Structure formats: C-alpha cells, structure tokens
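Dear colleague,

Please find the structure below.

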Amino acid sequence: MTGPDLDDAAQPRANARSRRAHKPRPPLTALEERIGHSFGDPDLLTRALTHTSKASGRGGSYQRLEFLGDRVLGLAVADRLYGAFPEADEGDLSRRLAALVRRETCAAVAASWEVGPHLILGQGEVMGGGRRNQTILADVCEAILGAIYLDAGFDTARAVVETHFHPGEPTAAARGRDAKSALQEWAMGRSLPIPTYEVVERTGPDHAPRFRIAVQVEGLEPGLGDGTSKRIAEQAAARALMEREGIGASADAEPTETA
C-alpha cells in the first residue's frame with residue numbers, strides 16, 4: 001500500500017479521536033445538583049474543573065483552588081472528628097483524619113459527582129484518559145471544595161463534606177482498635193447521632209459487679225453487652241451491634257475482662 005493510502009486509512013480514526021476530544025461538555029447545573037451546591041459565581045466552578053493543560057495563564061487552572069480546598073476539607077473533617085471523639089488524643093485524631101481525607105477518598109467522591117465529562121482538559125490529557133485519572137479527580141475534588149468555600153463560605157463547604165465524605169465501613173484508623181470507637185466512626189460517617197450507652201442491669205456484689213449495657217444507634221435495634229466493668233460492657237455491646245448489622249470487622253479481639 002502506498003504512503004497516501006496509509007494516510008487515507010488512518011484519517012477516519014484520527015477524525016473519530018478528534019470528535020471525542022471535542023465532545024461538548026454537559027451543563028454544569030447537573031454537576032451542581034450532584035454536589036449539592038448551586039454556585040452564585042459559576043466561574044469558580046469552571047476554574048475548579050480546568051486542568052493546567054487547558055488553562056490560560058498561571059491562575060486559570062484549578063491549582064490555587066485545590067490548595068485552598070485541601071485546607072477546607074482538612075478543617076471540616078478535623079472539626080467533625082474533634083466533636084465526635086472527645087476522649088481521643090492527637091495521634092488518634094490524626095490517624096482518623098488521614099484515613100478520611102486521603103487522595104483515594106477524594107478521587108472516589110469526584111467520581112461519584114461524575115466530574116469526568118465536565119473536566120476542561122487539553123487534547124493530550126483527553127487522549128491519555130485524563131477524565132478517569134485518579135490524581136486529576138482527587139485534585140478537582142479539592143478544588144471544588146475550595147470553590148464552594150469562596151462562593152458561599154465555610155459552613156456550606158462543611159455541609160458538602162459531611163454529605164459526601166463518609167467511609168463505607170470503619171476506616172483503617174479504627175480497624176484493630178476498640179469496637180466502641182469503630183461504631184462511633186461508622187455512625188459519624190452516615191451523619192447519625194453519636195451512639196448512646198445505658199446500663200440496663202447491674203448484678204453481683206460491690207467488689208465483683210457485672211454490668212449489662214445497651215447501645216443505641218438511630219434507626220437500629222439496640223445492641224447488648226455484658227462485662228465486669230461499664231467499659232468492657234460498652235465494648236461488648238458495640239461489638240454485638242456491629243456483628244449483628246454486618247458493619248465490619250473493625251475490632252476482632254474479644255474484650256479483656258479487666259476493669
């Protein structure tokens with residue numbers, strides 16, 4: 001086959017790739033609905049979706065908004081953890097924070113928003129699969145949070161975070177730790193009230209008591225646990241509820257019968 005014939009054969013494929021690269025983007029209103037925020041300044045959302053490969057000038061991409069959104073996300077989650085775990089130390093809170101704001105989580109949230117078709121990318125990024133690139137999706141997620149913060153303030157941005165950033169099961173920070181904390185994190189991830197514990201029975205002499213405690217999570221039947229101290233009974237109750245509901249294996253070890 002001659003050179004021109006080769007060129008003629010390749011041309012339809014090149015045209016098809018070009019059409020895909022320049023496919024019109026869907027309206028932003030659909031994306032706003034999935035995010036849960038309608039922008040007063042739509043240009044902020046447009047900038048949050050613009051990759052450096054398509055930006056005009058240094059400030060035209062999502063990079064500055066990503067920087068801001070990373071801090072907004074961290075503060076929103078940290079504030080939530082601080083209130084939900086009043087007895088946790090700095091190290092425990094830091095581990096929980098890291099698990100909830102990791103890049104994989106941000107990319108998953110962006111994918112749930114279906115941002116891919118809305119991304120403004122250079123042709124090279126489009127041809128290279130940029131609309132599904134996990135790094136780009138994570139960056140854009142943070143940039144959108146930064147845009148929401150500038151558009152409507154921290155409370156609105158925090159509400160979006162609380163709606164979309166919740167693990168499907170207790171995070172790695174809770175796995176291998178106590179069942180009570182794991183259950184509390186699970187409830188927090190679903191915007192439920194913090195579980196409550198109530199002593200339903202106390203037996204035995206004062207020097208060797210036994211406690212039966214019920215844990216209540218909104219929308220679920222109580223879980224019951226027994227132990228030689230309230231702490232042990234609470235752990236047992238949390239574990240019983242989690243096992244019954246299939247919440248996860250975040251606390252595999254049995255509670256130790258010590259005060």
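A crossing is called left-handed if the near helix is turned anticlockwise from the far one by less than a right angle, and right-handed if clockwise. Helices (H or I, at least four residues) and strands (E, at least two) are DSSP runs, numbered from the N terminus. The model is predicted: local features need pLDDT of at least 70, side-chain atom pairs count only at pLDDT 80 or more, and totals for chains, interfaces and linings use all residues. Residues are numbered from 1 along each chain as its sequence is written, and side-chain values use heavy atoms, leaving out hydrogens and water.

By that convention, helix 4 passes helix 5 in a right-handed crossing. In the contact (heavy atoms within 4.5 Å), Gly74, Val77, Ala78, Leu81 and Tyr82 of helix 4 meet Leu93, Arg96, Leu97 and Leu100 of helix 5. These residues divide into 7 nonpolar (Ala, Val, Leu, Ile, Met, Phe, Trp, Tyr, Cys, Pro), 1 polar (the others, Gly among them) and 1 charged (Asp, Glu, Lys, Arg).

As for the sheet, 3 strands form an open, antiparallel arrangement in the order 1-2-3; strands pair if DSSP finds at least two bridges between them. Strand 1 (196-203) and strand 3 (223-227) stand at the edges with a single partner strand each, so one side of each lacks a neighbour in the sheet. Strand 2 (residues 210-216) is joined to strand 3 by 5 bridges, and Ala214 has Leu224 in strand 3 as its bridge partner.

Kind regards
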